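Please read this briefing with the model open beside you, and look up each named residue as you come to it. Which parts of the chains are held next to one another, and by what kinds of contact?

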Amino acid sequence: MDRIEKIVSNLVFFMLCLLAMLLAFESYVQVPYWLQPVGRMHPLVLHFPIGFVVLLVLVNLFKNQLDEQSYQKVNKFLLLLTAFTTTLAAVMGFFLSREEGYSSSLMAVHKWIGAAVSYIMYALILCYQNRKVYQVLLYTSFFSIVVAGHFGAGLTHGMNFLVEPVLQAHKPEMDENAPVFTAFIQPILESKCQSCHNADKHKGKLDMSTLKKLHAGGENGPVWVAGDTEGSEIVRRALLPMENEEHMPPEGKPQLTDLEFELIRKWIEKGADEVVTLAQLSKSDTLYTLATRTMAKDKSKQKPQYEFDFAEQEVVEALNSPFRSVVQKSPKSPAIDVSVFGRKTFQMEFLTELKQIKDQVVSLNLAYLPINDDAISFIGQLTNLEKLNLNFTDITGNTLASLASCSNLTSLSLSGTQVGANILPVIAGLPALREVFIWNTEIEEKDINELREKMPDVKLVEGYQLGSEGPLQLNPPDLLNKKEVIAKGEKIELIHRLKNVDIRYTTDGSEPDSLSSSTYTGPIQFDSFGTLKVKSYKEGWLSSEPRSYTFFMKGLEAENVELLVPPNKKYKGKGAITLTDLKKGSANDISSPNWVGYKSTPFTALVDFGDNPPNVNEVVLSYALNMNQYVMAPTSVEVWGGNDKDKLAMIKKTTPAQATKMGPNDVMAEKLSVDGSGFRYYKVVARPILKLPDWHRGKGDKGWVFVDELFFY
Amino acid sequence: MRATNYSFILCFLSLALVFTACENDNGGASVSEQSVPQVIDFNFHVRPILSDKCFTCHGPDVNQRKADLRLDTEEGAFAALKDYDNRFALVKGKPHQSEAYVRMTSEDSTEMMPPPEANLKVSEYEIKVIKKWIEQGAEYKPHWAFVPPVKHELPKVRDTEWPENEIDHFVLKKIEEIGLSPNERADKARLLKRASFDLTGLPPSLEMQEAFMADDSPMAYEKVVDELLANKHYGEKMAVHWLDVARYADSHGYQDDGLRTMWPWRDWVIHAFNNNYSYDKFLTWQLAGDLLPEKNIEALLATGFNRNHKITQEGGVIDEEYRIEYVTDRTNTFGKAFLGLTFECAKCHDHKYDPISQKDYFSTFAFFDKVPEKGLVGTIDASFADPPNMKITDELIDELLSFINKKDTAAVEVMVMQDSVGIRETHVLNRGNYDAKGEIVSFSTPDAVMEFDTTQFDPNRLGLARWLLSDQHPLTARVYVNRLWQEFFSRGIVKTVGDFGMQGDLPTHPELLDWLAVDFRENNWDIKRLVKKIVMSATYRQSSVSDKQKRDKDPENLYLARTNRTRLKAEMVRDFVLANSGLLNPEIGGPSVKPYQPDGIWAAATSGRGLLQRYIQDHGGDLYRRGIYTFIKRTVPPPVMLTFDASNRDQCEVNRSNTSTPLQALIMLNDPTVLEAARVLAERLDEESTPDEEKIDKAFQLIICREARDSEKDLLLQYHQDQLARFKSNPEQAAEFIDVGEYPEKEGRKEVDVAALMQVIHTIYNMEEAITKS
Amino acid sequence: MKKEFLEHQLNINRRHFLGKMALGVGSAALGSLLAPDIFSGSSGSSDDLPLGFSHFAPKAKRVIMLFQNGAPSQLESFDYKPTLNKMFGEDLPASVRGDQRLTGMTANQDKFPLVGSKFGFKQYGQSGTWVSDLFPNIAKITDDICVVKTMHTEAINHDPALTFIQTGSQQGNRPSMGAWMSYGLGSENNNLPAFCVLLSKGRGNGQGVYSKLWTNGFLDSIHQGVQFSASEDPILYLNNPDGIDMQNRRKMLDHLTELNSEGFKEFGDPEIHAKIKQYEMAYRMQTAVPEVTDITKEPDHIIKMYGADCMVPGTYASNCLLARKLSEAGVRFVQLYHQGWDQHGNLVGEMPLQAQDVDRASAALISDLKQRGLLDETLVIWGGEFGRTNYCQGKLTEDNYGRDHHPRCYSIWMAGGGVKGGTSYGETDEFGYNIVKDPVHVHDLQATILHLMGMDHEKLTYKYLGRRFRLTDVHGHVVKGILA
């Protein structure tokens with residue numbers, strides 16, 4: 001016995017020292033992971049001391065019933081046990097307290113009392129002989145352990161764990177017979193006001209925690225004036241704009257909902273009666289309706305939108321693939337939307353694998369997939385389905401009946417499928433159905449009307465109907481050739497992206513028509529430069545606007561070209577080569593380097609064909625019209641020729657037609673025939689207009705000449 | 001009683017045990033967040049939390065401050081709370097009486113801090129840190145970055161063999177602390193590739209590779225490094241980053257996006273790096289080259305730095321609105337480029353986190369506000385260089401600016417800075433609105449950084465530059481050193497290179513950063529010296545292999561027990577492809593060029609006005625210039641560059657993101673630039689009378705810059721056979737395939753052979769390792 | 001070991017990026033588009049906010065924005081102001097104008113002569129919505145759309161106003177709306193970009209567009225808007241080079257994967273796996289994109305709906321058709337821009353042409369979505385960056401006039417996902433100059449769009465350089481009045 005006593009009491013003593021140190025250096029202690037299990041045994045161990053202390057007390061009470069000897073034995077032994085378990089529990093408790101989430105004032109109290117108890121216990125052992133002290137200590141230890149226990153329970157079960165049931169009863173019930181104030185108004189004040197106006201924090205000297213304090217009001221007087229809403233501080237402030245300093249609740253804090261505000265206002269209006277109950281109000285009373293609506297809202301809050309559970313996160317993740325997206329509607333909703341993509345890559349598994357989440361799928365999009373009637377039977381297993389998209393799939397509708405199991409299906413898209421009248425009974429059989437999309441299907445008008453009568457509440461969307469309006473205009477054909485300068489023998493290709501369009505064209509500059517003009521059957525060939533006018537025709541369409549393209553044939557190649565007069569420095573293009581690089585400019589983009597521009601000085605280029613010059617029949621100068629930008633036709637174009645570049649003679653001069661009103665931008669060509677002359681040098685001169693005509697916005701100003709290419713044939 | 005003594009001993013033993021369990025972590029960003037450090041440091045552990053979660057409402061900004069509580073200053077934090085009888089945000093040693101702590105731990109949504117509507121959350125870990133900090137006395141300290149750096153003692157390390165220079169001592173210390181050991185040296189081939197890209201932005205030539213591999217003298221590496229540093233392409237590589245900082249571009253940048261001619265300034269930057277201008281000169285000239293005591297035309301050109309911002313050409317704008325916009329851009333750029341601070345946040349209101357008041361902002365703004373300029377000089381193409389500007393003529397180039405690569409005789413105009421004293425008062429602009437003029441301010445800078453002592457510094461940009469370069473300045477050197485570090489380790493010592501403020505990341509190696517900063521300054525800001533120190537360090541020379549242990553202990557490689565593998569920058573991807581196919585045009589400087597680009601990208605977006613409405617591609621040599629010279633039209637930046645994370649040059653940018661996306665894959669697979677390179681290289685190799693294996697090996701060596709492993713050889717050879725067969729049976733496909741790019745085709749090439757080889761080379765180009773520094 | 005390490009990484013990053021609730025596309029994205037962030041671990045910026053799916057159940061899954069670039073006049077489209085016709089030529093009362101700042105174009109005009117619409121207005125649909133005669137087809141769908149007459153903005157010039165409505169900031173380089181969507185919701189179809197951009201030119205006075213309008217800003221570049229071009233390469237370098245078919249390309253990728261796996265053996269760098277994924281993804285795009293962009297297979301009556309132009313690539317009509325196809329295939333955000341709405345002068349000449357370009361196709365898009373049952377999950381928005389003045393810019397004649405920029409009020413319309421069709425929201429004064437009821441600021445519009453997509457505009461944040469950025473900066477309220 002003595003030996004045990006010694007060992008135990010030493011053990012206890014040691015643990016107490018340990019405890020002391022731990023408490024002393026608390027903030028520096030990191031509990032190593034291998035000690036954590038020990039700590040976590042605290043909740044288990046702590047029941048011993050409690051039990052033992054109770055026993056000790058009992059033994060102490062009934063010691064007269066026992067014979068001295070056995071009492072001593074039992075009591076001593078019990079005492080040792082108690083002291084040991086208590087201290088053990090305390091140390092363990094300490095370790096536990098160092099873990100996450102045990103850092104509250106509550107904790108502190110529990111800790112200190114717990115520690116205290118274990119020391120008292122040791123004291124009990126020491127002054128075991130002194131009855132008086134012993135008695136006192138025993139009972140203190142008893143009470144303190146009860147208190148510690150209570151706080152401990154608080155830590156694990158929440159503080160008012162014990163009294164909760166009792167408190168519950170006091171929580172104002174939202175019912176007919178509770179006073180409107182306590183049932184509806186007070187809760188609002190609690191949630192929206194009391195965070196700043198409570199017993200211990202009272203902004204503006206206002207405390208709203210009790211009715212009494214409420215009546216007392218704050219530094220700005222009473223909170224409300226019965227019957228006078230405008231005069232009531234609470235209403236006035238709530239009505240102020242958010243920016244306003246005085247607005248309540250202040251910006252950033254949870255605001256009053258419209259319903260809450262109306263409730264308060266009406267209540268005050270009706271005299272701020274603190275006892276009147278809902279039942280006592282007349283049904284027609286606005287306050288009554290407001291209150292009942294609040295109740296309804298409160299109820300609806302409880303019931304969730306979906307009954308079924310959340311799917312396993314891992315499962316959802318695993319199901320996501322490049323071809324299938326599986327998305328939970330939101331963190332709070334277990335419902336899942338699924339879309340499957342890619343006609344080429346589709347495999348039936350993409351669908352059937354959804355079995356794992358068959359309860360959660362509420363929206364399924366299978367549009368354009370090569371799925372046929374067999375697939376439907378599987379879809380039937382997704383019993384919570386609400387929205388199903390089968391547009392442009394290969395289904396015929398014969399098996400659609402398997403969807404009958406989807407009693408929540410509200411929206412069904414069948415556009416572009418082969419389904420026909422066969423699906424009508426199915427549709428009629430789906431209770432929740434609200435809309436069906438049957439555009440571009442085999443279903444006939446009469447069936448639709450029949451169904452409309454049968455189920456007026458279902459929206460049948462037939463979509464865009466042909467011929468609902470007059471014919472539309474076609475767009476003109478497009479040109480495939482990228483370059484406007486074509487090599488000899490190169491063909492010109494036209495295209496219209498609409499099927500079987502009749503393309504007509506002319507090459508003489510006249511407007512094409514569907515009768516006389518030639519039909520485009522295949523690539524066309526040009527011999528020199530010229531203009532191609534095209535227009536498209538199609539049954540059931542209005543013919544297109546005409547469109548014209550000007551072409552240039554690659555001409556004779558000169559040895560050298562130079563600009564005798566330098567172009568304007570803002571529009572110097574790429575210098576002389578600009579004229580022979582076979583790159584046409586666009587009349588809309590005269591600042592591009594494909595153009596050389598001249599104002600007030602004449603465009604003057606010298607072309608050198610070398611020692612054995614070819615015969616030249618035609619000279620073509622290509623220039624821009626962009627009247628908005630003052631770019632006009634040259635007033636005159638001259639061709640000079642000769643074999644000595646310093647002695648050239650004018651061999652041809654033309655005066656291009658000048659515009660008489662604003663016109664569209666265009667690239668024009670001036671053709672000068674110089675019949676078979678075989679000079680080495682040719683000089684081409686084009687003179688810009690010096691005074692713009694009166695009809696032009698810049699009348700009187702100087703005009704421009706822009707040239708992009710020179711051709712010799 | 002003896003037993004009791006026992007128990008004492010026992011007791012201490014076990015206590016000891018418990019204590020050894022305490023994590024010890026001294027400073028630096030911690031590896032795993034889970035362990036709360038034993039001693040809490042305000043700068044390293046607490047301020048980041050307060051700043052991120054509290055300062056928005058309880059920080060420097062007076063107007064936003066809630067409940068008159070500010071936690072960014074000691075006084076504020078310990079003052080009594082308003083509306084309470086006696087409560088305090090912080091009570092030394094008493095977390096449960098510290099309202100701040102209580103609120104953070106509160107479950108009550110109306111009490112809780114940060115409040116729910118702030119959409120901020122404090123983590124368990126952060127709460128623990130705050131608690132412990134309060135328990136330990138809630139001590140405040142000044143922000144580390146605002147304390148001038150000092151040279152620390154080199155730390156003692158266990159492995160004294162490893163370090164090559166000072167850098168390594170600091171790095172190794174940390175590595176040893178977390179119980180790792182550095183990687184072994186990277187193998188020579190890889191090291192060379194890395195250094196070559198880092199110093200010149202180009203792969204090492206075959207000759208260089210062979211020479212280096214052959215040379216096994218201990219000085220071999222240093223020799224190569226010196227070679228590379230002397231290489232004329234060094235300047236281009238260094239310039240790339242600076243052009244991002246300076247938001248350089250070839251167009252004005254707003255909706256009507258006309259041409260501008262700032263390229264001579266770019267030539268200067270390259271020149272400056274190549275001639276190793278010291279950073280103080282580099283900085284002073286760009287900030288205030290126009291204000292130097294003795295007129296210096298080159299320095300004047302350098303001031304183009306502050307005119308690189310966007311300029312509007314939209315008719316009908318309000319002049320002042322945009323002039324203010326330009327000055328704002330300069331101020332923000334100044335803040336980010338030289339101070340590494342998010343200055344812009346202080347324009348409309350006091351800074352939310354850093355001690356920069358709105359007044360501070362506009363006092364700095366004042367330095368850049370005295371330029372005689374207009375918000376709108378003219379609509380599109382009205383001018384390529386709005387005044388103030390300088391004319392660069394051939395004469396000028398011959399005399400002073402020989403480094404400018406001007407192609408034609410016409411003079412070029414470049415925008416530069418100029419002050420006209422007393423031109424206008426600078427006001428605080430309320431809410432940052434150009435027309436809401438507030439109080440008048442004079443030249444100054446945020447005191448929190450360093451006081452702008454007018455007895456010491458002139459009240460102009462020159463003074464501002466001197467202020468930056470003062471020995472006492474806490475930021476200038478740190479910020480630049482850190483950015484340079486990022487260039488080589490793909491991550492700054494301070495990760496947020498653009499934010500040294502309260503919200504910025506903390507340095508992983510504070511002492512190292514300070515040491516480098518001071519050393520840099522003391523050696524008169526010698527950039528090449530600093531660069532060399534970095535690349536010579538053992539830290540830099542480690543291999544990039546990472547084993548499980550290292551990845552688990554240090555997944556982000558904060559502690560550099562290995563080097564990072566990083567993808568080449570956008571420009572380098574281009575340079576690399578051109579270089580090892582032999583297409584690269586090594587010309588330096590000059591106007592920007594327009595390489596291949598799909599049709600219609602400019603045309604689709606244009607308003608139909610101006611010289612830049614259509615993309616007119618260049619030809620010949622200009623197709624093969626380095627990426628740095630690719631024409632940047634701000635409203636439609638080169639799409640390939642953008643896809644590889646290049647800056648759109650809209651604003652000052654100090655670090656690019658580094659992503660890998662499918663669009664990048666498409667470019668490497670189908671971009672004519674890459675295909676042409678593959679073709680040309682194939683043609684060259686095809687000429688050589690060597691067996692296929694050797695051709696493939698050589699291609700591999702050229703592109704990956706190391707010898708291929710046998711497994712790789714076999715794979716490629718087998719693939720080559722396969723393609724050979726394929727193209728033999730469809731020669732027309734071969735013909736189509738190799739018909740790419742404008743570079744003239746080799747006479748008498750064997751189409752099928754070339755195609756097959758080209759396919760293999762193209763595959764090598766697409767290897768992950770190809771465009772990765774490893 | 002390779003695999004488990006990958007897992008390990010993924011897990012780290014899931015925690016890092018998606019918070020505890022990582023589900024759905026977010027994690028699908030892990031496998032694909034977003035992989036880059038996942039591996040490089042860049043931008044740990046989303047705090048606890050789970051990316052990849054909505055904050056609450058969304059009304060709409062996709063957005064199609066029909067942006068009318070240059071600012072179409074509200075007075076010739078949806079905001080009917082007969083008073084202006086009555087007061088033709090009279091000066092705008094200073095009291096009405098108040099302190100409105102003016103652009104440099106009219107600032108020094110000595111007179112502000114009011115001018116009413118030259119084009120008639122009628123009421124349409126059960127809603128009796130007013131629509132001008134310039135938009136006969138949109139008039140037919142008024143019961144599906146909600147006209148907001150009280151949009152207003154701050155900027156008075158195109159660039160800032162445009163940048164503002166797209167990125168929530170007049171200056172600076174912030175992510176655009178589509179980028180935010182891509183970042184917040186990920187891609188629905190991972191073989192297509194989440195954010196696509198389609199451009200078309202009008203026939204009126206043009207204002208350019210610029211890539212900043214679809215930039216990813218500080219977000220990962222994967223969120224950048226992908227510009228579709230009218231050329232044969234709809235996406236930059238999508239097509240294989242000549243002489244290489246898909247089958248041969250597949251072979252190349254297989255070899256490439258082997259080579260790269262070698263690399264992983266040596267370095268154990270997860271980036272390598274990301275890279276392999278990117279190449280696979282690129283390969284899938286090469287099949288998926290043409291499947292979607294091919295409009296030649298569209299039936300005749302679809303072509304009639306959109307008008308013949310829809311077959312000509314690069315026109316507004318064909319972009320609308322393409323927009324439907326992309327949206328139908330799960331593209332999160334399709335952004336159209338149609339240029340040419342800047343009628344400072346010759347409004348009477350240009351506006352009909354512009355209207356002709358867009359009227360039919362816009363209406364067709366709505367009907368087309370509707371007949372496929374997609375309208376209720378697709379949000380369509382039609383409108384510009386600001387409105388136009390009720391007074392004439394430049395010379396006012398009997399038969400022609402022009403209008404300057406007007407930020408104080410303008411009209412847009414919305415349709416589909418979660419929007420109350422057949423309604424008009426807000427009122428402007430009889431001069432069509434000021435708002436008298438229910439103003440909708442650009443930030444409010446942005447907040448509302450995010451809301452309809454199931455995202456809280458205050459929660460969708462990204463931390464960059466120490467600050468949490470939002471599309472709506474620090475403003476914006478959801479416009480409850482237009483929600484169905």
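Both B:K352 and B:D61 are buried, where buried means under 20% relative accessible area, exposed means over 50% and partly exposed lies in between, judged with a 1.4 Å probe and with protein chains only. This is a predicted model, in which local features need pLDDT of at least 70 and side-chain atom pairs count only at pLDDT 80 or more, while totals for chains, interfaces and linings use all residues, and side-chain values use heavy atoms, with hydrogens and water left out. Residues are numbered from 1 along each chain as its sequence is written, and chains are lettered from A and ligands numbered from 1 in the order in which they are written.

**Chain C as a whole**

- Chain C contains 14 helices and 17 strands, which are DSSP runs numbered from the N terminus, helices being H or I over at least four residues and strands being E over at least two.
- Of the 484 residues in chain C, 72% are buried.
- Contacts are heavy atoms within 4.5 Å, and among those in chain C with a separation of 6 or more, 79% come from residues 24 or more positions apart.
- The accessible surface of chain C is about 13800 Å², with 52% of it belonging to carbon and sulfur atoms; such areas come from the Shrake-Rupley method with a 1.4 Å probe, and for residues only the protein chains shown count as cover.

**Salt bridges**

- A salt bridge is a side-chain nitrogen of Lys or Arg within 4 Å of a carboxyl oxygen of Asp or Glu, and over all chains the structure holds 129 of them.
- One of these joins the side chains of B:K352 and B:D61, at 2.9 Å from N to O. The pair links distant parts of the chain, 291 residues apart, with B:K352 in the loop between α15 and α16 of chain B and B:D61 in the loop between α3 (55-58) and α4 (74-78) of chain B.
- Another salt bridge brings together the side chains of B:R565 and B:E768, at 2.8 Å from N to O. Here too distant parts of the chain are linked, 203 residues apart: B:R565 is in the loop between α23 (548-553) and β5 (566-567) of chain B, and B:E768 is in the loop between α32 (751-765) and β6 (772-773) of chain B.
- B:R565 counts as buried because its relative accessibility is 11%, and B:E768 counts as buried because its relative accessibility is 5%.
- The side chains of B:R626 and B:D575 also meet in a salt bridge, at 3.0 Å from N to O. B:R626 lies in the loop between α25 (601-605) and α26 (639-643) of chain B and B:D575 in helix α24 (residues 570-580) of chain B, so this pair ties together parts that are 51 residues apart in sequence. Both B:R626 and B:D575 are buried.
- Salt bridges that share partners join B:D187, B:R190, B:R706, B:R709, B:E712, B:E769, C:E262, C:K265 and C:E266 into one network.

**Aromatic rings**

- Rings of Phe, Tyr and Trp (its six-membered ring) pair if their centres lie within 6.5 Å, and planes under 30 degrees apart count as stacked, over 60 as edge-to-face and the rest as tilted; by this rule there are 83 aromatic pairs over all chains.
- B:F343 and B:Y361 form a tilted pair, 5.9 Å centre to centre with 40° between the planes. B:F343 lies in the loop between α15 (319-339) and α16 (358-365) of chain B and B:Y361 in helix α16 of chain B, so the pair ties together parts that are 18 residues apart in sequence. Both B:F343 and B:Y361 are buried.
- A charge sits over a ring if NZ of Lys or CZ of Arg is within 6 Å of the ring centre and within 35 degrees of the ring normal. The charged end of B:R565 sits over the ring of C:F267, 4.3 Å from its centre, and C:R250 lies over the face of C:Y283, at 4.7 Å from the ring centre.

**A buried glutamine**

- B:Q723 is in helix α30 (residues 710-729) of chain B, and it counts as buried because its relative accessibility is 0%.
- Leaving aside residues up to four places away in sequence, B:Q723 touches B:A756, B:Q759, C:N248 and C:K251.

**Backbone details**

- The peptide bond from A:M248 to A:P249 is cis, with omega near -15°, and A:P249 lies in the loop between α11 (233-239) and α12 (258-269) of chain A.
- B:M113 and B:P114 are joined by a cis peptide bond with omega about -10°.
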